[in-house]
Amino acid sequence: MSLYNLQKFLYELNRNESIQENYSENIDSLIAKYSLTDEEINALKEGDIGLLYVLGVNGQILMHYAALLGIEWFDYLEMMREGIRVHGPVRDGVYAMTGGGESFTNEEKER
Amino acid sequence: MSLVYSGVLSHAPGITGRAHLVENTEKRDEFYTALENQKSEIMDSGAEAIIVIAAEHFANFFMNNMPAYCIGIGDSYEGPIEDPKWLGIEKTKIPGAPDLAKRLTKNIMQTVDVAYSEEWKFDHGIMVPLNFLTPKYDLPIIPVNINCQGPPLTPLHRAWAFGEALRRACDEVPEKIALVGTGGISHWPATPDSGKINEPWDREFLGHLMRNDKDALLGYSDEDTYNDAGQGGFEIRTFITAAAAAQGQGDLQFYTAEIPIFAVGCTVARFSIE
């Protein structure tokens, strides 16, 4: 149920511009409405894409959230890989990494 | 009048948002030309509205109330929900077709229990196609969603039945209507594997799709699709619905796996309306 709440918060954030306003300043009050674990709360406060990915946040929700935070595309991909290196495999959902952590684009490899 | 156009195209956000990062600009521009041609074909069809069958990415529906199928009956819509700079598409207002959409919905309900909504925020799944097909946002849009994100997912044979219902509904109204299915084939979007494409799987699926081979198209299991084509492969539902609506053979006008930074095998095709 906790992952559900985590994703619900990000879903609301991604689609609601009034929530996005002053998001970082208001994060404590915003997430207080959701039943979350300490790990999830810390991941949100830190904007920890890697941990949120490992926790099982749906990739589309996480991708939109990363865009909202202004994270560049290749940095976003690398943050997910780093999340797996630090926290282990994705724990839930259908967005698990299957490629062993390699990049599939020349553009990223040559960066 | 009837359904006057049915086709499919890719919708990945990189198609607009990462255009500037592409190394293979020649192939990218071929793809854009194919999309431009698709736009011309739709305009030439005399279509008065476009039904966009998309795969929702948690822009409107969540697991508290997830419809298998939903159709938009609103006066207008807004999008994209994503950061405009990230997607490469400015926020805008898109006209709907509420009266037509309600008549279509009423007909579809004869065989499919479709949900409906007067509110809809478009994400890249609809905005990227519209960016190419109606860049001035001057043609009424009827958004349709098939849940391809949050399992349990609707079975493929129901996606086919939904396409048949859409066709029947379109044929029983006086307006000329175009329909496009937008989705990916094999792809692993929004994972570290973004850019991974199973081209042989894509080409086999597209072969079935262009022959409009119902038995072959409905023969895929979600388990096999997940293993061979990734979670993004669940979006084949949108393509199958477009094929079922057309009922005719397809013409694969463009396909390439050579722009992996777009995170999908880029596809443009149309079907004969039979």
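**A two-chain predicted model in questions**

Student: Between which two strands of chain B is the loop found that holds B:Phe58?

Tutor: In this predicted model, strands are DSSP runs (E, at least two residues) and helices are DSSP runs as well (H or I, at least four residues), both numbered from the N terminus. On that basis, the loop of chain B that holds B:Phe58 is found between strand S2 (49-55) and strand S3 (69-72).

Student: How are residues, chains and atoms treated here, and what pLDDT do local features need?

Tutor: Residues are numbered from 1 along each chain as its sequence is written, while chains are lettered from A and ligands numbered from 1 in the order in which they are written. Side-chain values use heavy atoms, with hydrogens and water left out; totals for chains, interfaces and linings use all residues, side-chain atom pairs count only at pLDDT 80 or more, and local features need pLDDT of at least 70.

Student: Does B:Phe58 count as buried or exposed?

Tutor: B:Phe58 has a positive phi of about 60° although it is not a glycine, whereas most residues other than glycine have a negative phi. The classes rest on relative accessible area (buried under 20%, exposed over 50%, partly exposed in between, with a 1.4 Å probe and protein chains only). Because its relative accessibility is 2%, B:Phe58 counts as buried.

Student: What is the relative accessible area of B:Tyr137?

Tutor: B:Tyr137, which is not a glycine, also has a positive phi, of about 50°, and it lies in the loop between helix H5 (124-133) and S7 of chain B. B:Tyr137 is buried, and its relative accessible area is 14%.

Student: Near what omega is the peptide bond from B:Pro151 to B:Pro152?

Tutor: Most peptide bonds are trans. The bond from B:Gly79 to B:Pro80 is cis, with omega near 0°, and B:Pro80 is in the loop between strand S4 (76-79) and helix H3 (84-87). B:Pro152 is in the loop between strand S7 (141-146) and helix H6 (156-171), and the peptide bond from B:Pro151 to B:Pro152 is cis with omega near 5°.

Student: With which residues is B:Ala97 in contact, leaving aside its neighbours within four places in sequence?

Tutor: B:Ala97 lies in the loop between strand S5 (92-95) and H4 of chain B, and at 12% relative accessibility it counts as buried. B:Ala97 and B:Gly74 are 23 residues apart in sequence, yet their C-alpha atoms are 6.9 Å apart. With contact taken as heavy atoms within 4.5 Å, and sequence neighbours within four places left aside, B:Ala97 touches B:Gly74, B:Pro140, B:Ile141 and B:Ile142.

Student: How far apart in space are B:Gln110 and B:Ala165, C-alpha to C-alpha?

Tutor: B:Gln110 sits in the loop between helix H4 (98-108) and strand S6 (115-117) of chain B, and because its relative accessibility is 63% it counts as exposed. B:Gln110 and B:Ala165 are 55 residues apart in sequence, and the C-alpha to C-alpha distance is 8.1 Å.

Student: What radius of gyration does chain B have?

Tutor: Chain B holds 10 helices and 10 strands, and buried residues make up 66% of its 274 residues. The radius of gyration is taken over C-alpha atoms, and the globule rule is 2.2 Å times the number of residues to the power 0.38. For 274 residues a compact globule would have a radius near 19 Å, with which chain B agrees at 17 Å.

Student: Which residues of chain A lose the most area to chain B?

Tutor: In the interface, 35 residues of chain A are in contact with 38 residues of chain B. Buried area is the accessible area (1.4 Å probe) that two parts lose on being put together, summed over both, and between these chains it is about 3300 Å², of which carbon and sulfur atoms give 59%. Together giving 20% of what the chain A side buries, the residues that lose the most area to chain B are A:Arg15, A:Trp73 and A:Phe104.
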